[in-house]
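The sequence and structure are shown first.

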Amino acid sequence: MEPDDLSDLADPSFSAVVLAGGTAVRLDGADKASVELHGRTLLTHALDACLDAAEVVVVGDPVPTHRPVTFTREDPRHGGPVAALLTGRDALLRPVRLLGVLAVDMPHVGPETFARLRRAVGDGPAGRDGAVLVAPDGRHALALVLRTDRLDGVRPTREEQHGMALRRLLARLDLAEVPAVGREHRDVDTWADLRDLADD
């Protein structure tokens, strides 16, 4: 499918932020977005997972992509996931009700993952603040959907954002937990993780 055809599939109430600017210490500082799995970069996998998003912001250094995206970086760089998430949220060109958030190193998250997360949020004032993907061991994965108004309501100051743990921010929100299906929760923290996913 050509990039121009994506607008026919996009949900105008849903945009996404891909977090791709981490230090990847356990990958020897490699650029995770450019690491390949099954012949495609992790960023390509992540953008495909955001197929339904009307707009995608990538928080990381610009690289060629197969669909239009906006690149941005948190300031100062490497401010952690909260600073990156909010920087991405601020880079959206138009207001949306729901914001998908995805770490670039989760190649088995797909559009159907985000569809389940969006359904779990619900509609109207009685809906949840968001929904998060949960691994079989109960760990919250960095794949979630948040209501932008609820996120804005708990937004920390710029000084607080830098280095803030994501779980501390999310603890302020009422999140539905959505069980991962198959390998959706798997991420690439190490070269061994990449080898394991490549062998699956």
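Contact here means heavy atoms within 4.5 Å. The model is predicted, so local features need pLDDT of at least 70 and side-chain atom pairs count only at pLDDT 80 or more, while totals for chains, interfaces and linings use all residues. Residues are numbered from 1 along each chain as its sequence is written, and side-chain values use heavy atoms, with hydrogens and water left out.

**Nonpolar cores**

- A nonpolar core is a set of buried Ala, Val, Leu, Ile, Met, Phe, Trp, Tyr and Cys residues joined through side-chain atoms within 4.5 Å; buried means under 20% relative accessible area (1.4 Å probe, protein chains only).
- The largest nonpolar core has 34 residues, and those touching the most other members are Val 18, Val 56, Leu 102, Val 104, Met 106, Val 109 and Phe 114.
- Elements that give two or more residues to this core include strand 1 (14-19), helix 1 (42-49) and helix 3 (111-121); helices (H or I, at least four residues) and strands (E, at least two) are DSSP runs, numbered from the N terminus.
- Helix 1 gives the most to this core, with 5 residues.
- Leaving aside residues up to four places away in sequence, Val 109 touches His 45, Ala 49, Leu 102, Phe 114, Leu 133, Ala 143 and Glu 184.
- A second, separate core of 25 residues includes Val 132, Leu 144, Leu 146 and Val 154.

- Phe 14 and Phe 114 form a tilted aromatic pair, at 5.8 Å centre to centre and 50° between the planes; rings of Phe, Tyr and Trp (its six-membered ring) pair if their centres lie within 6.5 Å, with planes under 30 degrees apart counted as stacked, over 60 as edge-to-face and the rest as tilted.
- This pair joins strand 1, which holds Phe 14, to helix 3, which holds Phe 114, across 100 residues.
- Phe 14 counts as buried because its relative accessibility is 1%.
- Arg 118 lies over the face of Phe 14, 4.4 Å from the ring centre; a charge sits over a ring if NZ of Lys or CZ of Arg is within 6 Å of the ring centre and within 35 degrees of the ring normal.

Key
Buried < 20%, exposed > 50% of the residue type's maximum accessible area, 1.4 Å probe, protein only.
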